Amino acid sequence: MKTQVGIIGGGPSGLLLSQLLHVQGIDNVVLEKHTRDYVLSRIRAGVLEHGFADLMREARCGERMDAEGEIHDGFEIAHEGRRDRIDLKGLTGGNSVIVYGQTELTRDLYDAREKMGGLVVHEALDVQPHDIGTDSPYLTYEQEGEKKRLDCEYIIGADGFHGVSRKSIPKGKIREFERVYPFGWLGVLSETKPVSPELIYARHERGFALCSLRSQVLSRYYIQVPLSDTTDQWSDDAFWEELKLRLPEDVSAKLETGPSIEKSIAPLRSFVAEPMRYGNMFLAGDAAHIVPPTGARGLNSAASDIYYLYHAMRDRYKKGDDSGLEAYSAKALARVWKGQRFSWWMTMLLHKFPENAPFDQRLQETDLDYLLSSEAAMASLAENYVGLAF
Ligand code: RFL
Ligand code: PHB
């Protein structure tokens with residue numbers, strides 16, 4: 001089989017790029033290791049930047065997101081038993097975010113790919129990129145026990161943090177930057193009414209907590225837990241009890257609890273691989289970078305890669321202009337690092353660090369005190385949270 005662009009990974013990055021290229025008449029094939037149901041069972045992001053939403057619309061996938069997604073003009077930071085609001089809209093001159101689950105967005109992208117007759121190969125096993133340093137790279141994989149080959153002009157590595165793409169770049173051609181945090185987030189999804197119409201990020205001496213939502217009947221909550229914890233150790237009752245302890249009393253008092261329909265622990269990590277290109281292979285999304293989820297940047301950073309890559313591919317195929325592809329890595333990384341800085345800062349501000357000396361503790365308190373007393377500091381937070389310009 002032959003195509004112009006071979007995409008490894010059918011997560012949001014790979015599917016969005018596939019859909020955008022297809023709309024432009026650029027032939028592509030997506031190879032996804034798992035089944036569609038498996039990909040859709042992973043509960044992850046919930047907060048989208050407007051730039052991302054615009055890209056979904058450009059990909060002709062924005063209808064349900066616009067109908068069912070919730071516009072959020074602000075969120076709250078809870079601390080010392082009280083709450084302060086970050087007025088995203090007021091502080092950014094009219095910007096906001098959209099709360100729409102990654103699961104729903106991925107479902108919309110799968111549906112759009114299917115409707116347009118796009119080729120997404122599920123359960124593509126042992127995907128291997130070959131000759132990526134040349135102008136005629138190709139992919140091999142196994143489908144239903146049969147070995148297959150896909151010849152491409154370009155390969156996109158959109159196969160997440162644990163994928164094969166980044167690992168297939170020769171050692172010494174890529175540099176990795178990493179920070180691993182000494183805790184994870186235990187997340188619970190429950191069919192209960194969200195405790196607050198807006199997200200609440202809570203800093204507490206017992207550890208961080210977050211109240212988020214997917215809709216008015218579906219809540220998503222997180223608590224910071226030690227890395228050694230497992231979901232078996234956390235019954236639903238234990239989770240709700242701990243969450244209540246970390247929220248201001250008036251919030252805990254109205255928290256609606258119920259059985260969890262999903263429960264998982266995600267370790268927190270910051271990671272960037274540079275450059276995001278080797279030969280004719282380009283990395284995008286979690287395959288090239290990971291952030292701790294505190295700033296809601298991960299999926300949005302992935303979308304920003306896709307924005308640059310899509311425009312670069314369009315120039316390459318429509319105008320024969322390679323300059324966008326040449327500039328891709330540098331442009332994408334400049335924005336990626338800003339997302340890294342912001343996510344690291346939000347994480348440092350709101351979590352309990354087991355190893356913190358009293359001095360660090362005071363600095364953290366002062367950072368929050370300064371933030372909430374300074375319009376300029378809040379404006380900077382808001383500008384980053386709604387997403388910097390592409
Ligand atoms: P994905 O979603 O990991 O998709 C990669 C796909 O590639 C497939 N794959 C392979 N396919 C073929 N061959 C191989 N060898 C392969 N290896 C892997 C995988 O099966 C998968 O389908 O990466 P992508 O597309 O780059 O998307 C990135 C986002 O998923 C991620 O950044 C966000 O979920 C991060 N994130 C958040 N981001 C936000 O912008 N806002 C949020 O509110 C937010 N909340 C979160 C989050 C991530 C979380 N976790 C679990 C890490 C909350 C959490 C708890
Ligand atoms: C979520 O709803 O899953 C979510 C929201 C905001 C974050 C992280 C995760 O910062």
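Which residues of the largest nonpolar core touch the most other members?

Tutor: The model is predicted, so local features need pLDDT of at least 70 and side-chain atom pairs pLDDT 80 or more, while totals for chains, interfaces and linings use all residues; side-chain values use heavy atoms, without hydrogens or water. Residues are numbered from 1 along each chain as its sequence is written, and chains are lettered from A and ligands numbered from 1 in the order in which they are written.

The residues you ask about are Leu 16, Leu 31 and Ile 156, in a core of 68 residues. Helix H9, residues 298-319, is its main contributor, with nine residues. A nonpolar core here is a set of buried Ala, Val, Leu, Ile, Met, Phe, Trp, Tyr and Cys residues joined through side-chain atoms within 4.5 Å. Buried means under 20% relative accessible area, exposed over 50%, and partly exposed in between, with a 1.4 Å probe and protein chains only. Helices (H or I, at least four residues) and strands (E, at least two) are DSSP runs numbered from the N terminus.

Take Leu 31 from that trio. Beyond four places in sequence, Leu 31 is in contact with Ile 7, Ile 8, Gly 9, Gly 10, Val 121, Ala 124, Val 127, Leu 139, Tyr 141 and Leu 150, contact being heavy atoms within 4.5 Å. Another core, of 34 residues, lies apart from the largest one and includes Leu 213, Leu 268, Leu 349 and Tyr 385.

In total 33 residues surround ligand 1, the closest being Ser 13, Glu 32, Arg 42, Gln 102 and Leu 299; a residue counts if one of its heavy atoms lies within 4 Å. The shell has 14 nonpolar, twelve polar and seven charged residues, where Ala, Val, Leu, Ile, Met, Phe, Trp, Tyr, Cys and Pro are nonpolar, Asp, Glu, Lys and Arg charged, and the others, Gly among them, polar.

Polar contacts are pairs of N or O atoms within 3.5 Å. Oxygen atoms of ligand 1 lie 3.0 Å from a side-chain N or O atom of Arg 44, 3.2 Å from a polar backbone atom of Gly 46 and 3.2 Å from a backbone N or O atom of Ala 296. Of the 1,000 Å² of accessible area that ligand 1 has on its own, the protein covers 88%, by the Shrake-Rupley method with a 1.4 Å probe.

Ligand 2 has 14 residues around it, and Tyr 201, Ser 212, Arg 214, Tyr 222 and Pro 293 come nearest. Strand E15 (209-215) and strand E16 (218-226) each supply at least two of its shell residues, and the largest share, three residues, is from E15. By class the shell has eight nonpolar, three polar and three charged residues.

Arg 44 also meets ligand 2, with a backbone N or O atom 3.3 Å from an oxygen atom. For Arg 214, a polar side-chain atom lies 2.7 Å from an oxygen atom of ligand 2, and for Tyr 222 the side-chain N or O atom is 2.6 Å from one. The protein covers 96% of the 280 Å² of accessible area that ligand 2 has on its own.

Terms used. Polar contact = N/O pair within 3.5 Å; in protein donor to acceptor, adjacent residues only side chain to side chain.
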